[in-house]
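Here is a briefing for a reader who is meeting this structure for the first time. Please look through the sequence and the model before going on.

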Amino acid sequence: MNQSDRILTPLEPPPGGWERLRARRNLASRWAPSWWALASGAAAAMAWLAIAPGHTQIRMQLTAGRLIGERSRGGGPADSGKRARHFPAVCGRECTNLRRRVREFDAREDKVTVGRIVDLPDTCQSHLTASGAGSPCRRRFR
Amino acid sequence: MTRALGISEAEWEALYNRLEKPLYNFAYRYVWNSQEVQDILHDAFMELWVRRNRLIVSTADRYAWTTVLNLSRKRRRWHRTKHFLRGDDSLAALRATGAPDADASRSQQYALLHAAIERLPETLRCVLLLAEFSEMSYESISELLSIPLGTVGSRRNLALNQLRSELNRRGSR
């Protein structure tokens, strides 16, 4: 007899374990995804991407005000009474529109814009998402 | 020598019937909850079933033990994290739930054993429980845990001694 037999006594597992396991196996195999369902889902996703609307979406991680160079605290140049920000002539109209839209967005969302999606016109978006080189707006917005 | 791949449903059932009790006893001393132990066993055997075409019958035992060991450790870690965040001292402070034979006369002894096993280091507890419940040889345990053969015996003896002294210490209080 083993020395430890008196210490660790074996327990009986609850009855019906095998039946439950078999039921779970049968349930899992019944709901296994079929290959044609996956294929049709992938095809539908590709088709949707191909005919997606033309507007561009920017996923923002910070408040929208950051896009136009607003400070974290207080208002921007207009709110603080400082000199108004000058935008390059090449895209001044679009960027003015952008600043107005971003402010409206922030006011509407009460500055909680983490993970939100902002729809922007393609012209403004191209200024913002340019790699930096050659984009005067990009430099100004930082 | 080539070995046949694949496990049939009959072999899967036979494996479950053969290993249910030892695996249950092993995992129960890790998570101390009968329902969770059953979940762990079923998870492990579902994994075996999913991979049945790539397994060899002769190594299915070892695969089942390894899976249950890993799942038990994972569940135990999750419990420890939960209790740490709640501010509890350790799992030993908790009562074992769902003990199948937890009648009133044995509950005191059970609580002592529970606390004593919980105080064992992981390396000793694992070897002790495998040696006690798995019915595996020391060679198989050393392969399963990737430790030298002699270490299995020494860890088991050390675990038993610690368990006994802990039980005596707590019983004499």
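Predicted model: local features only at pLDDT ≥ 70, side-chain atom pairs only at ≥ 80, totals over all residues.

Residues are numbered from 1 along each chain as its sequence is written, chains are lettered from A and ligands numbered from 1 in the order in which they are written, and side-chain values use heavy atoms, with hydrogens and water left out.

**Fold of chain B**

- Chain B has seven helices and zero strands, where helices (H or I, at least four residues) and strands (E, at least two) are DSSP runs numbered from the N terminus.
- Read from the N terminus, the elements of chain B follow the order α-α-α-α-α-α-α.
- Chain B has 173 residues, and 45% of them count as buried; buried means under 20% relative accessible area, exposed means over 50%, and partly exposed is in between (1.4 Å probe, protein chains only).
- Taking the contacts in chain B between residues at least 6 apart in sequence, 71% join residues at least 24 apart; contact means heavy atoms within 4.5 Å.

**Where chain B meets chain A**

- On the chain B side 34 residues are in contact with 19 residues of chain A.
- About 2500 Å² is buried between the two chains, and carbon and sulfur atoms give 62% of this area. Buried area is the accessible area (1.4 Å probe) that two parts lose on being put together, summed over both.
- Lys21(B), His42(B) and Met46(B) lose the most area in chain B to chain A, together 20% of what that side buries.
- Between chain B and chain A there are three salt bridges, a salt bridge being a side-chain nitrogen of Lys or Arg within 4 Å of a carboxyl oxygen of Asp or Glu.
- Seven residue pairs are in polar contact between chain B and chain A, both residues being at pLDDT 80 or more. A polar contact is a pair of N or O atoms within 3.5 Å; within protein, one must be able to donate a hydrogen and the other to accept it, and residues adjacent in sequence count only if both atoms are side-chain atoms.
- The side of chain B that touches chain A draws at least two residues from each of H1, helix H2 (34-50), helix H4 (104-119), helix H5 (122-133) and helix H7 (149-171). H1(B) gives the most to that side, with 11 residues.

**Aromatic rings**

- Over all chains the structure holds eight aromatic pairs. Rings of Phe, Tyr and Trp (its six-membered ring) pair if their centres lie within 6.5 Å; planes under 30 degrees apart count as stacked, over 60 as edge-to-face and the rest as tilted.
- Tyr24(B) and Tyr28(B) are a stacked pair, 6.0 Å centre to centre with 20 degrees between the planes. Both residues lie in helix H1 (residues 9-31) of chain B, four residues apart, about one turn of the helix, and both Tyr24(B) and Tyr28(B) are buried.
- Phe26(B) and Trp65(B) have ring centres 5.5 Å apart and planes at 80 degrees, so this pair is edge-to-face. Phe26(B) is in helix H1 and Trp65(B) in helix H3 (residues 57-86) of chain B, so the pair ties together parts 39 residues apart in sequence. Both Phe26(B) and Trp65(B) are buried.
- A cluster linked by ring pairs contains Trp18(A), Trp12(B), Tyr16(B), Phe45(B) and Trp49(B).
- The charged end of Arg25(A) sits over the ring of Trp49(B), 4.6 Å from its centre. A charge sits over a ring if NZ of Lys or CZ of Arg is within 6 Å of the ring centre and within 35 degrees of the ring normal.

**Salt bridges**

- The count over all chains is 13 salt bridges. One of them joins two chains, because Lys21(B) lies in helix H1 of chain B and Glu12(A) in the segment before helix H1 (17-30) of chain A.
- The N to O distance between Lys21(B) and Glu12(A) is 2.6 Å, and Lys21(B) is partly exposed at 32% relative accessible area.
- In the salt bridge of Glu122(B) with Arg73(B), the closest N and O atoms are 2.7 Å apart. This pair links distant parts of the chain, with Glu122(B) in helix H5 and Arg73(B) in helix H3 of chain B, 49 residues apart.
- Arg73(B), Glu122(B) and Arg125(B) are linked in a network of salt bridges. The charged end of Arg125(B) also sits over the ring of Tyr30(B), 5.6 Å from its centre.
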